[in-house]
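My notes follow, in the order I looked things up.

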Amino acid sequence: MNKIRKSSPVTLKINKTIVYVVCILLAVLSILPFWIMFVNATRSTPEIQSGVSLLPSSHMMNNLHVLLDKSFDPLRGFMNSLIISGSATLCTVYFSSLAAYGLVTYDWKLRKPFFTFILCVMMVPAQASAIGFYQFMYKLHWTNNFLPLILPAIAAPAVVFFMRQYLLATLSIEIVEAARVDGSGEFFTFNRIIIPLMMPAVATQAIFAFVANWNNLFMPLILLTQKDKYTMPIMVSLLRGDIYKTEFGSIYMGLALTALPLFIVYFLLSRYIIAGVALGGVKE
């Protein structure tokens, strides 16, 4: 027993060191592809074709000029993607939180069947309904319009499921009942009391929703045919369409510009996630 007690601090130290080494290795493996992408955005096409490099080069401005000289406007595509992704993210997190709030706080007969229906809808892939959705948008004359890419974000079954599970674990019904006794309306209670309590979950789903909408290529490629409505993923996918010469440096520059807002959104919202984890750790 004495030998075990004497060696236990050493064992704990070794285990802690192993955990740190594994975490550092995983962090490096996660960051490395993005670092190579940003490095290739500063390299020329012959340099990229010669092999992988971890050191930046001096061709960043030339790649940017090549990108801006294409037949479409990347800055316009950046704004289009930002409008679609930002609006769709707001619709997703707000209305999904509202639906989850209704499923948790209201007791009605069809609550469980309705939640089962949401789970069933979550199993249907978006590609399965793409043709019918396009025909419906064509009849409404909503092609080359941002609304078909924003309004469907209101119905997000996976986000509703996540929000409901979060509310079941954190929300006390007594808080809602106390607000009702004080004369608070349902929307006022949801906006001023429930949303702040759900902020860690909202921030988490906002990151996932923004990334999904920003990287979405399938539906925008079907619905948007005018160049002034193109999003960044469409423009980056068209960079390889040059039959004379493929500028890999400009392609990586487009990819870097496409990925940059994702990092910004994550850094802005990550503090809410960390705060929620810390709050859950000290909760009695």
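**Ground rules.** I take helices (H or I, at least four residues) and strands (E, at least two) as DSSP runs, numbered from the N terminus. This is a predicted model, so to speak of local features I need pLDDT of at least 70, side-chain atom pairs count only at pLDDT 80 or more, and totals for chains, interfaces and linings use all residues. Residues are numbered from 1 along each chain as its sequence is written, and side-chain values use heavy atoms, with hydrogens and water left out.

**Entry 1: Ser 85.** I began with Ser 85, which I found in helix H4. I call a residue buried under 20% relative accessible area, exposed over 50%, and partly exposed in between (1.4 Å probe, protein chains only). Ser 85 comes out as buried, at 1% relative accessibility. For contacts I ask for heavy atoms within 4.5 Å. Not counting residues up to four places away in sequence, Ser 85 touches Phe 210, Asn 213 and Trp 214. I also checked Ser 85 against Pro 46: they are 39 residues apart in sequence and 35 Å apart in space, C-alpha to C-alpha.

**Entry 2: H4 with H11.** Two packed helices are described by the angle between their axes and the distance between the axes. My axes are lines fitted to C-alpha atoms, for helices over the stretch in contact, and angles run from 0 to 180 degrees between N-to-C directions. At what angle do H4 and H11 cross? I read roughly 140°, with the axes coming within 8 Å. The crossing of H4 past H11 is right-handed; a crossing has that hand if the near helix is turned clockwise from the far one by less than a right angle, and is left-handed if anticlockwise. Ser 85 shows up again here, on the H4 side of the contact, along with others including Phe 78, Leu 82 and Thr 92. From H11, the residues taking part include Val 202, Gln 205, Phe 210 and Trp 214. For classes, I count Ala, Val, Leu, Ile, Met, Phe, Trp, Tyr, Cys and Pro as nonpolar, Asp, Glu, Lys and Arg as charged, and the others, Gly among them, as polar. The contact of H4 with H11 then has nine nonpolar, eight polar and no charged residues.

**Entry 3: H8.** Next I looked at helix H8 (residues 157-170), with 14 residues. From first C-alpha to last, H8 reaches 20 Å, close to the 20 Å expected at 1.5 Å a residue (the expected span is 1.5 Å times one less than the number of residues). Which residues of H8 are buried? I listed Val 159, Val 160, Met 163, Arg 164 and Leu 167. They sit on the same side of H8, because they cover an arc of only 135° around the axis; the arc is that of the directions from the helix axis to the C-beta atoms. These buried residues pack against H4, H5, H10 and H11.

Entry 4: H10 has 12 residues and reaches 15 Å between its first and last C-alpha, close to the 16 Å expected. Its buried residues are Thr 189, Phe 190, Ile 194 and Ile 195. They, too, lie on the same side of their helix, since their arc around the H10 axis is only 150°. What covers them includes H4, H8, H9 and H11. I then followed H9 (residues 173-181) across H10: their axes come within 10 Å and cross at roughly 145°, in a right-handed crossing. Ile 175, Val 176, Ala 179 and Arg 180 of H9 meet Glu 186, Thr 189, Ile 193, Ile 194 and Leu 197 of H10. That contact divides into six nonpolar, one polar and two charged residues.

**Entry 5: the loop between H6 and H7.** Most residues other than glycine have a negative phi, and most peptide bonds are trans. I noted His 141, with a positive phi near 60°, in the loop between H6 and H7. Asn 144 is in the loop between H6 and H7 as well, with a positive phi of about 55°. Buried or exposed? His 141 is exposed at 67% relative accessibility, whereas Asn 144 is buried at 16%.

**Entry 6: Asn 40.** Last, I checked Asn 40 in helix H1 (residues 2-40). Asn 40 is buried, with a relative accessible area of 5%. Leaving aside neighbours within four places in sequence, Asn 40 is in contact with Ile 48, Asn 63, Gly 249 and Tyr 252.
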